[in-house]
Amino acid sequence: MPSDLTPRVLVTPAAEATIDLLRDEHGPLMFHQSGGCCDGSSPMCFAAGEFRVGANDVWLGCIHGCNFFMSASQFAYWKHTQLTVDVVKGRGASFSLEIPLGVRFLIRSRMFTEEEADNLTPVFDGDEYPNVAR
């Protein structure tokens with residue numbers, strides 16, 4: 001993908017460090033944000049391929065070598081915002097891999113500017129996303 005496109009999802013250095021720890025233990029990783037119950041508004045980290053994505057999911061991009069997906073219904077609400085994956089101390093109520101570390105991933109967001117919105121990275125449904133993380 002052209003590097004001059006505005007990314008839909010970013011990651012903080014603190015979250016990158018946590019991803020590195022998890023990758024050392026679990027191998028390739030992926031993220032999914034469903035918007036459902038049980039901390040569903042938090043991005044959940046899984047071993048790559050452990051969470052099955054499909055046409056009801058949207059691929060938003062790649063963060064620190066990890067594909068990032070969101071449920072299509074959640075994306076309908078968040079499509080005008082840039083998401084940043086961060087990490088904070090505390091335990092979430094999810095099955096995400098970082099939970100045993102005593103931290104949890106979370107999303108910080110901001111609205112795209114008009115210029116950014118005109119130049120966004122394309123999204124793909126979960127059945128069609130490009131394999132850019134490998």
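Reader: In which element is the place of Ala17, and is Ala17 buried, partly exposed or exposed?

Author: In this predicted model, Ala17 has its place in helix 1. Its relative accessible area is 42%, and since buried means under 20% and exposed over 50%, a value in between makes Ala17 partly exposed.

Reader: How does the reach of helix 1 relate to the span expected at 1.5 Å a residue?

Author: Helix 1 covers residues 13-26, which gives it 14 residues. The expected span is 20 Å, and the reach from the first C-alpha to the last is close to that, at 20 Å.

Reader: Why do the buried residues of helix 1 lie on the same side of it?

Author: The buried residues of helix 1 are Ala15, Thr18, Ile19 and Leu22. An α-helix has 3.6 residues a turn, so residues three or four places apart point the same way. On the other side of helix 1, Pro13, Leu21 and Asp24 are exposed.

Reader: Which residue follows helix 1, and what is its phi?

Author: Helix 1 is followed by Gly27. The phi of Gly27 is positive, near 85 degrees.

Reader: Which residue has a positive phi although it is not a glycine, and in which loop does that residue lie?

Author: Most residues other than glycine have a negative phi. His64, however, has a positive phi of about 50 degrees, and with a relative accessible area of 28% it is partly exposed. The loop that holds His64 is the one between strand 4 and strand 5.

Reader: How many residues does the largest nonpolar core have, and which of them have the most contacts inside it?

Author: In soluble globular proteins, nonpolar side chains tend to be buried together. Here the largest nonpolar core has 22 residues, and those with the most contacts inside it are Ile19, Phe31, Leu60, Ile63, Phe68, Val85 and Phe105. Among the elements that give two or more residues to this core are helix 1, strand 2 (29-33), strand 6 (81-89) and strand 7 (103-111).

Reader: With which residues is Ile63 in contact, leaving aside its neighbours within four places in sequence?

Author: Contact here is a matter of heavy atoms within 4.5 Å. With neighbours within four places in sequence left aside, the partners of Ile63 are Val9, Leu10, Val11, Ile19, Phe31, Phe68 and Val85.

Reader: How many aromatic pairs are counted, and is the pair of Phe46 and Phe51 stacked or tilted?

Author: The count comes to four aromatic pairs. In one of them, Phe46 and Phe51 are 5.2 Å apart centre to centre, with 25 degrees between the planes. Phe46 is buried, at a relative accessible area of 8%, whereas Phe51 is partly exposed, at 28%. As planes under 30 degrees apart count as stacked, the pair of Phe46 and Phe51 is stacked.

Reader: How many residues apart in sequence are the parts that the pair of Trp59 and Phe124 ties together?

Author: Trp59 and Phe124 form a tilted pair, 5.7 Å centre to centre with 50 degrees between the planes. Trp59 is buried, with a relative accessible area of 2%, while Phe124 is partly exposed, at 24%. Trp59 belongs to strand 4 (residues 57-63) and Phe124 to strand 8 (residues 124-125), so the parts that the pair ties together are apart in sequence by 65 residues.

Reader: Is Leu97 buried or exposed, and with which residues is it in contact beyond its neighbours within four places in sequence?

Author: Leu97 has its place in the loop between strand 6 and strand 7, and at 16% relative accessibility it counts as buried. Beyond neighbours within four places in sequence, the residues in contact with Leu97 are Leu22, His26, Leu29, Cys45, Phe46 and Ala47.

Definitions and conventions:
Residues numbered from 1 in each chain as written. Predicted model: local features only at pLDDT ≥ 70, side-chain atom pairs only at ≥ 80, totals over all residues. Heavy atoms only, no water. Helix = DSSP H or I, 4+ residues; strand = E, 2+ residues; numbered from the N terminus. Expected span 1.5 Å × (residues − 1). Buried < 20%, exposed > 50% of the residue type's maximum accessible area, 1.4 Å probe, protein only. Phe/Tyr/Trp six-rings, centres within 6.5 Å; stacked < 30°, edge-to-face > 60°. Core = buried A, V, L, I, M, F, W, Y, C linked by side-chain atoms within 4.5 Å.
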